[in-house]
Structure formats: structure tokens, C-alpha cells
Amino acid sequence: MPGVNIPGIDPSRIPNHIACVMDGNGRWAQRRGLKRTDGHAAGEEALFDAVEGALDLGVKWFTVYAFSTENWKRPADEVRYLMGFNERILRGHRDDMASRGVRMRFAGRRDWRVPKRLLRLMDETVEMTSHGRTMTFTIAFNYGGRAEIIDAVRAMVDDGWQGDKITEKTLRRYLYDPEMPDPDLMVRTSGEHRISNFLLWELAYSELVFPDVLWPDFRREHLFEAVREYQARERRFGGVDPGDAAGGPPG
Ligand code: FPP
């Protein structure tokens, strides 16, 4: 069984879904006197080592934040670089992902700013990996948590939903990927303690871990360490710890 041989990790409590904010590429590059885009290039190895780590753990859903709806505000040459970079990443890794049983999906707005070629490549990638059952690897691209909620509300209005009939379950059906379970664990690198508009609906009860490492230096061992921290925490989902419910001290 995957995950059993990782020291300090309980294989019966592996998070079902881990989401990552890949932050710190620019700072990594600056510290080395390199261009910000060199930092993104170095982030590719970190990304696929993290994917390997998620597979080693036996995680079923792994999601990364690759480009936000706000990242269009970055310098034009960086944005242009990131479009081409994401295309190269897909071309370079999708065959391997398909052969490993990794199903790839994308979450985000398909607006006019995303090059048509990249959208086509994303569609092909989803199609060619659709039979994968080992893990679902989602790339959040031109993604914003607020945009996702707005898009869901717009689609509900278009479908004629009456306000008082809408429940959390209804809204969930209109999110970008209704099948995607909420992340159990969200990891953001680089020491920044922010969500930055990532999976706002879905992260409601996720455990948040902030490793103090810049994304290009992130490796699967950092992911394992985040899972150890996750396993040391107690999730209550707004309820009480079963020990307290049984008559423990108040608190
Ligand atoms: C959120 O911080 C972080 C992201 C949206 C990740 C952006 C990542 C990349 C552009 C690089 C992708 C790397 C690979 C390997 C594909 P923010 O900077 O958007 O928000 P903030 O200003 O609140 O920190």
C-alpha cells in the first residue's frame, strides 16, 4: 500500500486532497541575481517532485495554484513567459502523467486572455489522461476563488435557481470541478501566511501549513513533513473533540 513506508506518517490518515500554493519563485531567483522567470523554470522540478511525493503518499487529489486571476497584473514579459512555460510543462509531462494513471484537470476561467493554443492543449491533456485512477492532479490556472464563486452564482441564475432553494450543496455543483473534494491540507511555501484567493469555498475547514522554503527548493520530503504536521493536528469541523464531548474539562 502506498505511504506505508514513510517514517512518521500514519498510512491510515493520509489526506485525501492536498492543495499547494507554489510561492517564492521570484524571491529564489532574485537572491541568486537571476531573472524572476528563471525562478519559475526552477519551480518545474519542485512541482514534479511534489507530484511524485503525493503519489508516494497515496494522495487521491493534488491541486496546485499555477496562475491566479490577479497574476495578469505582473509584468507583461513574465505573464508571456508563464503562458509558454505552462504549455511546455504540459507537453513535457502529460505522457508520463497518463502512463502513471494520473488524471489531469484544470480549474479556472477560460477567458480571452488565455492563449487559445494553451486552452486546446489543456483540453487534450484532460482527454488523454481522463482514464487515470491513481490520482487527480488539478492545475488551477487563471483561477480566483472569488471568480469561481461569482461564476457559480451566474450559472445558477442562468439556470433559473430561486434564491431560497439554494443550499451549500447546490453551489458546490456549480464550482469548476464539482467532483473535487475539499482539500484536507493546504500548503503554501515561502513563509507567506495568506490564501491569496485560492479555493476560497473549498478551503473552509482545511488545515493550513506554511513551510519556510521557497518553491524551487521544495521537494517531496517537505510535503511529507507537511503531512506529519497535518496528522499532529485535530480537526473538529466546528464540533467538539470526542474526548471533550465525553465529559473532559471545558475549553
Ligand atoms: C499566489 O500568490 C500564488 C500563486 C497564484 C502561484 C503563482 C505561481 C506561479 C506564477 C509559478 C507557477 C510555477 C510552476 C512551476 C508552474 P500571489 O503572488 O498571486 O498573491 P500575493 O500577492 O497575495 O502573494
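**Group meeting: the ligand site and the sheet**

Start at the ligand: one of its oxygen atoms is 3.0 Å from an N or O atom in the side chain of Arg188. That is a polar contact, a term used for a pair of N or O atoms within 3.5 Å; within protein, one atom must be able to donate a hydrogen and the other to accept it, and residues adjacent in sequence count only if both atoms are side-chain atoms.

Before going on, the ground rules. This is a predicted model, in which local features need pLDDT of at least 70 and side-chain atom pairs count only at pLDDT 80 or more, while totals for chains, interfaces and linings use all residues. Residues are numbered from 1 along each chain as its sequence is written, and side-chain values use heavy atoms, with hydrogens and water left out.

Back to the ligand. Which residues come nearest to it? There are 17 residues around the ligand, and Asn71, Arg74, Arg188, Arg194 and Ser196 come nearest; a residue counts as near if one of its heavy atoms lies within 4 Å. The side chain of Arg74 has an N or O atom 3.0 Å from a ligand oxygen. For the side chain of Arg194, the distance from an N or O atom to an oxygen of the ligand is 2.7 Å.

Now the sheet. Strands here are DSSP runs of E with at least two residues, helices are runs of H or I with at least four, and both are numbered from the N terminus. Two strands pair if DSSP finds at least two bridges between them.

Take S1 (17-21) next. Is S1 enclosed or open? It is largely enclosed by the rest of the structure, because 5 of its 5 residues are buried. Buried means under 20% relative accessible area, exposed means over 50%, and partly exposed is in between, with a 1.4 Å probe and protein chains only. In a regular strand the side chains alternate between the two faces of the sheet. In S1, His17, Ala19 and Val21 point one way, and Ile18 and Cys20 the other. S1 runs parallel to S2 with 5 bridges, and His17 has Trp61 as its bridge partner there. On S5, S1 has 4 bridges, again parallel, with Ala19 partnered by Met186.

Moving along to S2 (residues 61-68), this strand pairs with S4 (residues 135-143) in the parallel sense over 7 bridges. Trp61 turns up again here, with Thr136 of S4 as its bridge partner. S4 in turn is joined to S3 by 6 bridges, also parallel, and Phe106 stands opposite Ile139 of S4. In S3, 5 of the 6 residues are buried.

Arg120 is in H4 and is partly exposed, at 49% relative accessible area.

What holds the nonpolar residues? A nonpolar core is a set of buried Ala, Val, Leu, Ile, Met, Phe, Trp, Tyr and Cys residues joined through side-chain atoms within 4.5 Å. The largest has 48 residues, and those with the most contacts inside it include Ile18, Leu47, Val51 and Phe137. H2 gives the most to this core, with 8 residues. A second, separate core has 12 residues, among them Ala107, Ala140, Tyr143 and Met186.

Asn142, in S4, is not a glycine, yet its phi is positive, near 50°; the residue is buried, at 0% relative accessibility. Ser190 also has a positive phi, about 85°, without being a glycine. Ser190 sits in the loop between S5 (185-188) and S6 and counts as buried at 9%.
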